[in-house]
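Keep the structure open alongside the text.

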Amino acid sequence: MAKTYSNLYPQIYDFDNIHRAYLKARRGKRYKTDVLKFSGRLEEALIDIQNHLIWKSYQPGPYKLFTIHEPKERIIAALPFRDRVVHHALCNVIEPIFERPMIYDSHACRRGMGVLSGVTRTTKFLRAACRRWEKVYCLKADIKKFFPSIDHAVLKRLIRKRISCPDTLSLIDIIIDSNGSDRGLPIGNLTSQLWANVYLNELDHFIKETLGARYYVRYMDDAVIFDGDKRHLHRILAEIADFIEDKLRLTLNGKTQIFPVGRRCVDFLGYRIWPDHRLLRKGNVRRNKRKFKKFSRLYSTGRMTLAEIRPAIASWLGHCKHADTWRLRGKVLGQIMMTRPAP
């Protein structure tokens with residue numbers, strides 16, 4: 001029986017905790033209009049949040065929806081800054097509780113983890129599998145419309161396995177149900193990232209402990225498993241499909257597949273991975289070529305400065321350095337011409 005935690009609510013509305021939450025929420029955004037407005041009346045705003053939590057009168061503000069198109073089209077839901085502070089205050093207290101039972105190879109949205117750790121672990125497992133078996137197969141799984149499909153009733157049941165504090169559960173339920181539906185979590189909420197991992201932690205333990213998959217890596221709703229027996233992977237795939245449908249009310253995406261690794265790479269987390277090397281995903285290269293050409297046009301007309309361009313290029317180079325991209329970097333950067341007509 002898993003340990004449950006009670007009497008957490010006073011820790012959430014503690015003023016020092018709310019202030020730490022504010023500092024986290026403003027990180028990288030301190031000059032945004034809503035953050036500046038909040039910071040201009042900081043003590044009053046923090047006390048207002050604290051009072052609403054103490055008196056249990058907190059209600060989330062309206063979501064602002066916008067669409068991003070790369071790497072694929074997604075609807076992002078952004079809450080007012082005040083609500084983001086509340087989410088951080090809650091996660092400061094409950095995140096360590098849910099972190100403890102998670103498996104090591106869940107790499108998304110966790111402290112010390114990320115894309116690089118997921119790619120490094122995938123490469124390590126692929127090499128180990130190649131040493132163990134003459135022919136290696138990969139099960140690459142993806143959950144269909146994961147965030148919009150998360151069932152609130154199932155999520156609340158999973159949360160109640162670890163938390164028994166009534167006031168904390170009430171706050172959690174308010175945030176979960178803030179989208180006005182009984183399914184789905186808004187992409188963009190800090191709490192959505194945590195609860196997505198809580199939701200799929202059940203699947204992680206099923207795959208590792210019940211199915212005995214040794215070479216398994218998950219990053220949010222994408223996962224890979226390596227094995228030397230293709231039929232065994234098909235059995236694992238059938239078990240996973242049944243489990244997520246019966247226990248989590250989810251379905252696998254049609255892109256889920258099993259294939260031999262060798263001439264074909266493992267396309268995962270933005271990289272194309274082979275046992276002895278890895279390259280960037282082709283779509284990433286195409287997108288960034290277009291982006292840099294656009295930067296060049298904007299710079300030539302004075303609508304963009306080098307100070308605005310440099311961080312984007314540095315970010316891409318940081319992504320590149322974890323793959324075999326020496327020639328690629330030279331080729332792409334060599335095509336960037338930052339010139340302006342003489343005054």
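**Helix pairs and selected residues**

Helix 10 and helix 11 cross in a right-handed sense. This is a predicted model. Helix 10 covers residues 190-210, and helix 11 covers residues 230-247. Their axes come within 11 Å and cross at roughly 150 degrees. An angle over 145 degrees counts as roughly antiparallel, and helix 10 and helix 11 are therefore roughly antiparallel to each other.

Which residues of helix 10 and helix 11 meet? From helix 10 come Glu202, Leu203, Phe206 and Ile207. From helix 11 come Glu239, Ile240, Phe243 and Ile244. The residues of this contact divide into six nonpolar, no polar and two charged.

Now step back to the whole chain. The chain has 343 residues, and buried residues make up 44% of them. There are 14 helices and nine strands. The C-alpha trace spans about 70 × 60 × 30 Å along its principal axes. Take the contacts in the chain with a separation of 6 or more: residues 24 or more positions apart account for 72% of them.

Helix 5 runs over residues 81-99, and helix 9 over residues 166-176. The axes of helix 5 and helix 9 come within 12 Å and cross at roughly 130 degrees. The crossing of helix 5 and helix 9 is left-handed.

In this contact, helix 5 supplies His87, Leu90 and Ile94. Helix 9 supplies Thr168, Leu171, Ile172 and Ile175. The residues of the contact divide into five nonpolar, two polar and no charged.

Stay on helix 5 for Asn92, which lies in this helix. Leaving aside neighbours within four places in sequence, Asn92 is in contact with Asn17, Arg20, Ala21 and Lys24. With one of these, Lys24, there is a polar contact: the two side chains come to 2.8 Å.

Another asparagine, Asn288, sits in helix 12, which covers residues 282-300. Is Asn288 buried or exposed? Asn288 counts as buried, because its relative accessibility is 8% and the cut-off for buried is under 20%. A polar atom of the Asn288 side chain lies 2.8 Å from the backbone oxygen of Asn284.

Next, the strands. Arg278 is found in strand 9, residues 278-280. Its relative accessible area is 16%, so Arg278 is buried. Which residues does Arg278 touch, not counting those up to four places away in sequence? Val119, Thr120 and Thr123 are among them. With Thr123, Arg278 makes a polar contact, side chain to side chain, at 2.9 Å.

Cys130 gives a reference point for Arg278. The two residues are 148 residues apart along the chain, and their C-alpha atoms are separated by 15 Å. Cys130 is found in helix 6, residues 115-132. With a relative accessible area of 31%, Cys130 is partly exposed. Not counting residues up to four places away in sequence, Cys130 touches Val136 and Pro275. Cys130 can also be set against Ala323: these two are 193 residues apart in sequence and 20 Å apart in space, C-alpha to C-alpha.

Finish with the backbone. Most residues other than glycine have a negative phi. Two loop residues call for a look here.

Lys145 is found in the loop between strand 3 (136-142) and helix 7 (146-149). Its phi is near 45 degrees, a positive value in a residue other than glycine. The relative accessibility of Lys145 is 59%, so this residue counts as exposed.

Leu269 has a positive phi of about 60 degrees, although it is not a glycine. Where is Leu269 placed? The loop between strand 7 (266-268) and strand 8 (271-273) holds Leu269. Leu269 is buried, because its relative accessible area is 13%. Lys145, in turn, counts as exposed.

Technical notes: Residues are numbered from 1 along each chain as its sequence is written. This is a predicted model: local features need pLDDT of at least 70, side-chain atom pairs count only at pLDDT 80 or more; totals for chains, interfaces and linings use all residues. Side-chain values use heavy atoms; hydrogens and water are left out. Axes are lines fitted to C-alpha atoms, for helices over the stretch in contact, and angles run from 0 to 180 degrees between N-to-C directions. Helices (H or I, at least four residues) and strands (E, at least two) are DSSP runs, numbered from the N terminus. A crossing is left-handed if the near helix is turned anticlockwise from the far one by less than a right angle, and right-handed if clockwise. Contact means heavy atoms within 4.5 Å. Ala, Val, Leu, Ile, Met, Phe, Trp, Tyr, Cys and Pro count as nonpolar, Asp, Glu, Lys and Arg as charged, and the others, Gly among them, as polar. Buried means under 20% relative accessible area, exposed over 50%, partly exposed in between (1.4 Å probe, protein chains only). A polar contact is a pair of N or O atoms within 3.5 Å; within protein, one must be able to donate a hydrogen and the other to accept it, and residues adjacent in sequence count only if both atoms are side-chain atoms. Angles under 35 degrees count as roughly parallel, over 145 as roughly antiparallel, 65 to 115 as roughly perpendicular and the rest as oblique.
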